[in-house]
Amino acid sequence: MNKMPKWADAVLIPLISILLAFFFSGLVIWAIGKDPVVAIKTMVQGAFGSTSGISYTLYYATNFIFTGLAVAVAYHARLFNIGGEGQAMLGGLGVTLVCLAIPWPHWTLALPAAMIGGALFGAGWAFIPAWLQAKRGSHIVITTIMFNYIGAALLGYLLTKVLKVKGSMLTESARFPEGAHLPNFSEIFAPIGINFSPNAPANMAFFVALLCTFAFWILIWKTRLGYEIRAYGQSETAAKYAGIAPARIVIIAMLISGALAGLMAINNVMGEAERLIDNAVEGAGFIGIAVALMGRNHPIGILLASILFGFLYQGGAELSFWESIPRELVVVIQALVIMFTGALDNMVRMPLEKLFVALNRKKEA
Amino acid sequence: MDYLTIIQILDSSVRLATPLLLTCLAGLFSERAGVVDIGLEGKLLAAAFLSGAVAAVTGSIWVGLLAGVAGSLAFSMLHGLASITFKGDQLISGVALNFLAAGLTVVIGQSWFKLGGRTPSLSGDGRFEPWNLPFSDALAKIPVIGPAYDELISGHTALTYVALAAVPLSWWVLYRSRFGLRLRAVGENPGAVDTAGISVVRLRYMALVIAGVLCGLAGTYLASLAAGFVKDMSAGRGYIALAALIFAKWRPWYALSATLLFGLLEAIGNRYQSIALGDFTIPVQFMQALPYILTVIILAGFVGKAIPPRAGGQPYVKER
């Protein structure tokens with residue numbers, strides 16, 4: 001029995017959930033004595049009011065596309081990967097090692113190499129939790145969270161003891177060579193007459209993220225592996241009957257997930273900072289969860305959700321600057337979005353279903 | 001390493017194990033009733049913030065304790081609303097609550113105190129006083145037993161003794177009371193409990209109430225120990241408690257030993273910031289990461305098979 005039209009399931013429910021999340025976020029802003037309307041205006045102005053703002057918004061969105069896709073791949077196999085944060089951190093290490101390895105002559109050579117480095121390290125960091133889940137049944141949620149902490153400790157050690165430039169006070173790696181510099185939006189769009197602020201961070205990685213979004217769609221819905229991942233996610237027993245090895249799917253799905261999270265580093269480490277700094281990921285791994293849930297694990301949904309969160313992130317930065325509301329407000333919004341689109345889905349769905357059933361009856365009568 | 005050093009390390013193990021034990025027991029009740037609770041971390045953080053904030057304003061940690069428990073309960077009820085009433089995904093709800101606590105504590109804290117998300121530091125009645133058990137001063141001079149009694153057994157704050165008392169109490173409630181029998185049944189086979197005419201929803205909510213209170217105590221303990229709330233001060237303890245719970249195979253007495261082990265590890269890590277092995281010095285970051293690494297090792301099941309409550313994580317849908 002089809003209770004609801006497809007469009008209501010795909011668009012209406014997420015939309016209502018997001019509006020509820022935003023309503024409660026507004027309530028939080030109001031409760032700490034600020035004006036929600038002013039806050040929204042500040043955020044929109046800060047995120048879309050200038051080419052620099054747009055560039056920052058798309059830069060953050062690029063991070064979230066990678067981490068959102070990472071969470072979504074695992075989620076299709078019914079695996080909850082909360083380790084995107086740690087995997088992106090390690091991806092940063094991989095990208096750094098590649099970029100510092102040789103004096104790269106041109107970014108067209110450096111980028112593919114860095115992508116391999118980031119993806120390998122990210123996947124590597126996902127491998128142990130994946131293997132433990134597949135072979136020993138360890139709870140992947142807890143192991144991936146633990147690997148976030150362990151990854152942070154590992155990077156803290158490497159940055160202070162190994163990668164740090166001798167004599168420098170800063171806990172960061174050496175600067176990447178000139179040849180590893182990715183063109184930013186100002187350099188890409190200037191020849192066709194669109195002027196972006198030259199210091200803003202959006203760069204080539206945005207287009208890599210778009211390619212990944214497309215590749216994700218092909219992988220999940222057009223390949224045999226994607227079919228196996230989805231089948232395993234729907235029903236493990238059915239998948240087993242169909243001859244799909246569960247351990248293999250768990251490990252492969254998590255490796256792809258970790259690789260996508262690790263790829264994020266070509267944006268924040270290679271594209272923006274051009275060196276490895278402490279806490280480079282800034283919670284983007286966690287935002288990936290909200291993005292994937294909001295986007296219903298579909299590439300188009302993830303793309304739109306990433307841009308929305310890019311707006312929230314950049315707007316949130318402006319908010320802390322102009323209105324002295326801490327940036328953690330974004331974490332609150334992110335939590336509410338996860339809560340309403342993920343866990344409280346039925347709260348919106350049940351009354352809507354009743355409504356549509358009643359409407360259908362009326363039509364038939 | 002002399003005797004007194006060992007006693008001191010064990011003493012701080014007990015101190016560090018206390019919040020883990022309370023949180024672990026919270027998870028025990030909730031998971032035994034079939035509600036997976038990744039949100040322990042968030043409850044811990046919310047309670048630590050509210051108790052720290054209220055204790056700083058009122059000057060009394062006991063008033064702070066009430067606020068901490070109330071905050072933790074509110075989070076617990078939200079988890080119930082999402083995962084019991086609306087039959088949502090318990091993992092997602094827990095994760096959302098953790099983020100909510102991480103964000104709200106800083107946003108509200110900054111708005112109230114303007115200290116960058118911290119609360120003013122607590123002193124005097126704003127913290128729990130250590131309890132000196134009877135004769136601890138007199139017995140302290142007796143060799144071997146004296147220091148052990150004075151340092152290790154006596155001189156903790158009230159909540160440590162509450163946590164220790166909660167272990168046999170939890171055991172009794174779970175295994176010797178009618179409520180406990182039903183609670184365990186609802187985590188294994190809610191259908192059977194429902195057939196017997198007992199409300200699954202009510203039992204699961206009650207388990208979450210107990211979990212909320214215990215996390216409230218644990219969070220307040222953290223705030224008192226650190227003399228105030230600091231951003232993200234729970235530092236993964238909620239997750240470590242969950243790992244300890246699995247290690248303890250969802251049993252109260254095992255929970256005590258599992259959390260003491262984690263406490264010991266943290267105490268050693270705190271005391272020996274860097275251990276030199278010949279030419280090689282173990283880096284401080286490794287010592288800090290040790291509890292997390294141990295958690296992974298324990299979860300890897302190198303300690304025997306742990307079988308969770310069978311209905312854990314699944315919302316109960318009544319047959320029609």
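Biologist: Quick one to start: is A:Asp345 buried or exposed?

Modeller: A:Asp345 is buried, at 14% relative accessible area. Buried means under 20%, exposed means over 50%, and partly exposed is in between (1.4 Å probe, protein chains only).

Biologist: And what am I looking at here?

Modeller: This is a predicted model, where local features need pLDDT of at least 70, side-chain atom pairs count only at pLDDT 80 or more, and totals for chains, interfaces and linings use all residues, while side-chain values use heavy atoms, leaving out hydrogens and water. Residues are numbered from 1 along each chain as its sequence is written, with chains lettered from A and ligands numbered from 1 in the order in which they are written.

Biologist: Back to A:Asp345. Which residue does it meet in a salt bridge?

Modeller: Its partner is A:Arg296, at 3.3 Å from N to O. A:Arg296 sits in the loop between H13 and helix H14 (299-322) of chain A and A:Asp345 in helix H16 of chain A, so the two tie together parts 49 residues apart in sequence. A salt bridge here means a side-chain nitrogen of Lys or Arg within 4 Å of a carboxyl oxygen of Asp or Glu. Helices are DSSP runs (H or I, at least four residues), as are strands (E, at least two), numbered from the N terminus.

Biologist: How many salt bridges are there over all chains?

Modeller: The count is eleven. One of them joins A:Glu172 to A:Arg275, at 2.9 Å from N to O. A:Glu172 is in the loop between H6 and helix H7 (185-189) of chain A and A:Arg275 in the loop between helix H12 (265-273) and H13, so this pair ties together parts 103 residues apart in sequence. A:Glu172 counts as buried at 16% relative accessibility, while A:Arg275 counts as partly exposed at 24%.

Biologist: New topic! How many residues does each chain bring to the contact?

Modeller: Chain A brings 40 residues and chain B brings 42, with contact meaning heavy atoms within 4.5 Å. Together the chains bury about 3,500 Å², 82% of it on carbon and sulfur atoms. In chain A, the residues losing the most area to chain B are A:Ile142, A:Met146 and A:Tyr149, together 15% of what that side buries. Buried area is the accessible area (1.4 Å probe) that two parts lose on being put together, summed over both.

Biologist: Which residues form a salt bridge between the chains?

Modeller: B:Lys231 pairs with A:Glu328, their closest N and O atoms being 2.9 Å apart. The largest share of chain A's side touching chain B comes from H6(A), with twelve residues. That side of chain A divides into 30 nonpolar, eight polar and two charged residues. Here Ala, Val, Leu, Ile, Met, Phe, Trp, Tyr, Cys and Pro are nonpolar, Asp, Glu, Lys and Arg are charged, and the others, Gly among them, are polar.

Biologist: Last one. Where is B:Thr259?

Modeller: B:Thr259 is in helix H12 (residues 252-271) of chain B, and is buried at 1% relative accessible area. Its side chain reaches the backbone oxygen of B:Ala255 at 2.8 Å and that of B:Leu256 at 3.1 Å. Leaving out residues up to four places away in sequence, B:Thr259 touches several residues, among them B:Leu20 and B:Cys24.

Technical notes. A polar contact is a pair of N or O atoms within 3.5 Å; within protein, one must be able to donate a hydrogen and the other to accept it, and residues adjacent in sequence count only if both atoms are side-chain atoms.
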